[in-house]
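Hello,

Here is the structure I promised to pass on. Please open it and follow along with the notes below.

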Amino acid sequence: MNSQTNRLNGGLVDQGQSLSFTFDGKRYQGHPGDTLASALLANGVRLMGRSFKYHRPRGVLTSGSEEPNALVELRSGGRQEPNTRATVAELYDGLQANSQNRWPSLKRDVLSVNDLFSNFLTAGFYYKTFMWPKAFWEKLYEPIIRNAAGLGRVSGEDDPDAYDKGFLHCDLLVIGAGPAGLMAALTAGRAGARVILADEDFVLGGRLNAESFELGGMAGSDWAAQAVAELSAMDNVRLLPRTTVIGAFDHGIYGAVERVADHLPTPAEGQPRQIMWRIYSKRALLCAGAMERPIAFANNDRPGIMMAGAVRAYANRWAVTPHQQVAVFTNNDDGHRTAADLIAKGVQVSAVIDTRADAPAVEGAELFAGAQVIGSKGRLGLETVTIRTAQGFTRDIICGGLAVSGGWNPNVHLTCHQRGRPQWDENLAAFVPGETLPVGMSVAGAAAGAMSTHGAVQTGAEGAIAALGDLGITAKAGDLPQAEDAPVNLQPFWHVSEGKGRAWLDQQNDVTVKDVKLAHQENYVSVEHLKRYTTLGMATDQGKTSNMGGLAVMAEMTGKSIPETGTTIFRPPYTPVPMGTLAGRAVGRHFHPVRQTPSHKWATEHGAVFTEVGDWLRAQWFPQPGETHWRQSVDREVLQTRASVGVCDVTTLGKIDVQGADAAAFLNKIYANGFAKLAVGKVRYGLMLREDGIAYDDGTAARLAEDHFVVTTTTANAVLVYRQMEFARQCLWPDLDVQLISTTEAWAQYAVAGPNSRALLEKIVDDVDLSSEAFPFMACAEITVCGGCRARLFRISFSGELAYEIAVPTRYGDALMRRLMEAGEEFDVVPYGTEALGVMRIEKGHAAGNEMNGTTTALNLGMGRMVSKKKDCVGNTLSERDGLNMADALRLVGFKPVDANETVAAGGHLMNADGPVDAAHDQGYVTSAAYSPVLQSSIGIGYLKNGAERMGEVLRLANPLEGSEVKVEVVSAHFVDPEGGRQRA
Amino acid sequence: MIINHPLLGPRDAQEFVYLGDATLIERPDWQAENAAEAFHDYLYLRDNPAGAHRELWYHEQGDRSWLVVTRNTLTHEITSVELARDVARAKGRGR
Amino acid sequence: MHKLKPITPLGGTEPKVDSFPGLTITENPTRALASLSARLGHESDCATKARDLIGVDLPGPGQTAAGQTYSAIWIGPDSWMIDADHASHEILAAELKAAVGDTASVVEQTDGWCRFDVSGPAVCDLFERLCNVDIRAMQAGTATRCSIHHIGCYLWCHEAGTAFSVLGLRSSAGSLHHGLVEIAQAVCTA
Amino acid sequence: MRYSGFRVIKEALTGHKGWTPAWRDPEPQAEYDIIVVGGGGHGLATAYYLAKEFGEARIAVLEKGWIGGGNVGRNTTIIRSNYLLDGNEPFYEMSLKLWEGLEQDFNFNAMVSQRGILNLVHTDAQRDAARRRGNAMILNGSDAELLDVAGVKAMYPFLNFDNARFPIKGGLLHRRGGTVRHDAVAWGYARGADQRGVDIIQNCEVTGFRIENGKVLGVETSRGYIGAKKVGVAVAGSSSRVMEKAGMRLPIESHVLQAFVSEGLKPVIPGVITFGAGHFYCSQSDKGGLVFGGDIDMYNTYAQRGNLPVVEDVIQSGVALIPALGRVRLLRGWGGVMDMSMDGSPFIDRTHIDGLYFNGGWCYGGFKATPASGMCFAHLLSTDRPHEVATAYRLDRFRTGHIIDEKGMGAQPNLH
């Protein structure tokens, strides 16, 4: 037998097919075309959720994305979606939903006890109590509040679905596919413009599918289907159903979310769940329609009390009624349509209660003109409403559903996204789009206040023609389809003052008329104060169904008009968006691209441990059989390099090719030290300052020809230095003849370091004399290797050993690494990674990122004399400020533990040998530390006040964070070969 | 936002890196009497108007041109876009 | 000929090819590249000398130009990327420098880049989910910089709507390839 | 009226008739001893402490819109004292201590909740920096703990530990950091100040300063001229605009920082957590919404709204850190205009105009600084001497080179 007791005939659902789904574990049947809400109603389920604060039983209020009440947890496991609106959840076979914010069950929710204490839990009560005893807030009160609050649960499991992002371009973006949007798209499409038509619904047509009246001499839904068919046949039109335009951003850019697979159990293989489209529109036409608003009255929140337009939509589109007996409560003609449509569908309309004394008659139902609903009964679902008639009698009316209409609010949300303010329309008693719209946006249809179907198609066509006109595209109006053009007959009416019990404004956040009155009493009168104090409109619906009511009550209290009282502006997103959709594919391991070095393949084969250096993956060390701790590997790599020879991939250093007649003059300006006189075939260390005089980056510049340099930067600053050099070239010295381009990736570069590096390279290079006489320290040359492979050779050293850096075109980098290892066998060559590199540079006292931390000067680094005063260069003027040249300025020095077994910790702070250990007595800090296998001791370098003058002094290195304090001796930062003899060997 | 690149036409601002006040082009003379003061004002006291603002953007994800964009900081409306190199020359910057 | 064996940006000895219904993605390591930037005040000499070598005028912003042997892509004011077959023009930079002399700066760029040739009817569906370019409006012979999965790329249109090349940073070839393939799987559902 | 649980019960039983306005709406007087321009958190706190701690009378707060409408009402509610540099840490530590006693002090529950703030580290260099900072915090009397991966896992098991592009290598935990109900801070200070006789005047925009021979005499406002012996300006976000009326140029740029909140969820994130490999920080409000933010939009702006790229960048980082967030929905985003200073640190100082004082340049630091900023600005306004923990916040520090650059980014406001 059919359990769908409230299913009517007809509608846009396929009653020939059944879909099975569960709600709170109970199995139900629905049909293709249903939403979860329509299917539950069809099955006689009115109770769908619990409210946020008082855990009041709630049913579905609307039939759209503005739904505040019917929020469920959809799906399970990693796909569990809390707070899913049953009104937009498309039914699929096997759909699984659970109610939320209740325990143990939806019918019996323990926390509904809150409702009994509601009088104590009025707006803002928590600001006035829970302050004593102080400790109790965090330990007792807050945990209770946190557990009671919140709505759905997040599973905590990883979301298994993928999300795409995309970029679309069009002449005209039409937002909303109701009568106005469809007419606009047709008009623009027929004119040949590039059109995108987006609508959040899975069936295009908007209210045309929810109403019973005709358009163009046929059922509205048929006209919509016909229009959609014509549009989908146009190559220049792109239809985006199930796509919500979530925000209007600067310069015609719109965000839109397409729900690709939410109507399926799981996305198809390789398919995303949703797509985040960024739409670049030359013009946009907002045809978002309007939203019906409630009338507040005592206990107006019982399951079964719904918006009149929603009841109509359920009946006409989904062939569903909330109950077999429904009453209507309205202040305008539109509410009467609900009565008529229900009657036509065979539903008993027990009464039409119209606040207007002159309400038009209704056929087939009793009319109470000039009457009000003053209360309702029914614990888990509406049973009766009590009304006060025009004559002053009270009367109970039996009904399981009440369709409420307080009039319609144009859907102005997107017009506010750039902080435009809507303006008041007396006739509609509603806000309509204001003067200042986002640039390129215009509005048509009900969203613009044209409430009739005729008004919609007319303004839709006109809107499209005008928008395209701006773009020089001529579109023709053509004949408009025949449509109803009923005027808006409405008598503003916001809430019923009579009646026992609370009258609800914001049903999700449980804000009542009383709460607004209290806010007024306590002077939280400005709309923003009202919102924040009562939480009105702060729920997941952003107040779509509640803001107006709250404003109206506040206006009543202040004696001002509604527009004087103010309006809250809406913010993106229009409806809540899964964060996965906004994140897209760049998450997990693909959060950032990976940059691999030329020797990556070889290093992987040789068991390298890799580390992230920016986006680069670099070999950190190369464990050998038997090595159980990384230190063993690193020590070996260091010792073997210093004893014989080691090879390290240094491709990641930035390389910028600098050419031009003025190349030398240019480098002279961006480096603090001089470059004009650097000879061809030579390399020089360069220190770059920021304009504020702080050390920025360092590297080398090799002069390959009079007009040709290759500059290296640190790995971290490669992009920034290139940017800064382009700034200097284009903005500061535009008439210097210099051209720049990055060659970081084009060359595979390896450091070959150690006493045997020359001997090793001699086996590789094609007859080049590498003797110190022919190729001294800091020499460079373009050569060939391995029988003719183009290469660049630099004699520079980061390790302090006799060392070279050799570069070949990247594609040969892998082969060169293999060749170097093979040729180096006789010297027991080792590959070394970034750890050994770091150890050797600390042993040598070379500054790196930890030292050039953006706050240190050349003086701090001990390079004060390098900053030329004889020329103009970036940073030299401001580097002379007193604050950067204090007598006791920090100086880079070395540290050794007095007891060689102790460890120097990077990040430790230096304190005098005796005296207090606190910030006031801070002498400096250690920037980098390592274990030196050469000195067989932990060592560090760092900054010490007046450090250059304090050699040999013993200090305390305080590391209270890790509870250690070590005595360290101040030494030169050059632990190994301070004279530099080795690198010149 | 969309920046109408003088050479490439409309490009998403996301392709650009923002630097700020275009007066950063007007770097003071290092040998001037008041060089220290001039550099202080140049680097630290930049324009920050509520309204039309001339500012430097770098097309890093594009052709690497530095641009001078005139943009309203209240509405984000962009009224002109120039190649910074041309602006710099017009300001008398050279070698 | 020297003894060093090249590998492709994806690390193979042979270029990688991935086929999908309506789409083929081919790694292409067979091109040589060199940048050409006119020296200040020598812009027109540079243009003349370049034309003598390439056989066509250097293209303007957003454009490319194809000669018999060489093609040119505009990459910035007075700057171009010159493209030729690698097997026969491995020392493209040297050839170019010889041709333009002191009128321009020339820099070898061949191995700075990885290149994927992407073709088939689904190519626009692919790129509209990869980069912020009006791909359906892109004409043959145009090229633009764009960002794909945070990787700076050149997108070069050979045939409107069906044949493109993507040039990305060589070190990121793996990530770029992953990005192309995972979206190809999403858009190419036979 | 004093707030208390007892009072709530009494009012509930008597129909809530007794609740009085949280603050009055007085008409401006002709003259005040001290005028504080700006009814945000800092301005209201300044007025509160002037009245309460420095015994000043005849004080007015002038607000162009509604109080608490600036950044105190549009931030991510985080409080902390985890700064590195000597110029900053003592100030923020004093601020945190003030937070700890604030509610009892001004008799308003602002839900100060010391849930702990955890800065994740993903590289060895970050760990070294975290160690230096943690030690600086402890040496300044604050608290810090260095966690290893296991320690982080124990607190936040659902972070991306196994499939991360930049693996988590530990974190710096600051247990006394946490969150506060931001609006309540403005209301609490306003109510406390009002009860001590301060005139809080809303919808009163300062349109100019009356200055004669180098001394300020009062302010021109949308509600007429108001005289004052001293004027303190605390209008972060609009500092350049307002001080321009006094002929001053500031080392400040205005940028927008977007913040976001998710739909309400049952408790999932206990404290405040910050990603070290991307722009993302997050906490969960008592109502259940995840409150999070990231980086600023990078360009100068006075529009209290941002653009899509930053939204996507922030949320990308969020999902990269917490994969389960993919299913959580973003409810709302908003933008606050920041005073981004040239070194990322604020100003609390006299100006070259006698009687005119300035408080601003708070970058992101403003909310957590509210109590100390109010206390120190009140100290300066009342005694003409800087408070000992705020001596570094001088307007001339770029001229002298005594810069306070926590991030080491230099004169590039949008990078601080």
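**Backbone notes**

T535(A) is buried, at 11% relative accessibility. Keep in mind that this is a predicted model. T535(A) sits in the loop between α10 (527-534) and α11 (547-558) of chain A. Its backbone stands out too. T535(A) is not a glycine, yet its phi is positive, near 70°.

Why look at that angle? Most residues other than glycine have a negative phi.

Now go to H55(A). Phi of H55(A) is about 55°, again positive, and the residue is not a glycine. Where does H55(A) lie? Find the loop between β3 (47-50) and β4 (57-59) of chain A. Is H55(A) buried or exposed? H55(A) is buried, because its relative accessible area is 1% and the cut-off for buried is under 20%.

Next, the peptide bonds. Most peptide bonds are trans.

- P133(A) belongs to the loop between α2 (113-116) and α3 (136-148) of chain A.
- P572(A) to P573(A): this peptide bond is also cis, with omega near -5°. P573(A) is in the loop between α12 (562-565) and β31 (577-578) of chain A.

To recap, look at the positive phi of T535(A) and of H55(A).

Best wishes

Note on methods. Residues numbered from 1 in each chain as written. Chains lettered and ligands numbered in written order. Predicted model: local features only at pLDDT ≥ 70, side-chain atom pairs only at ≥ 80, totals over all residues. Heavy atoms only, no water. Helix = DSSP H or I, 4+ residues; strand = E, 2+ residues; numbered from the N terminus. Buried < 20%, exposed > 50% of the residue type's maximum accessible area, 1.4 Å probe, protein only.
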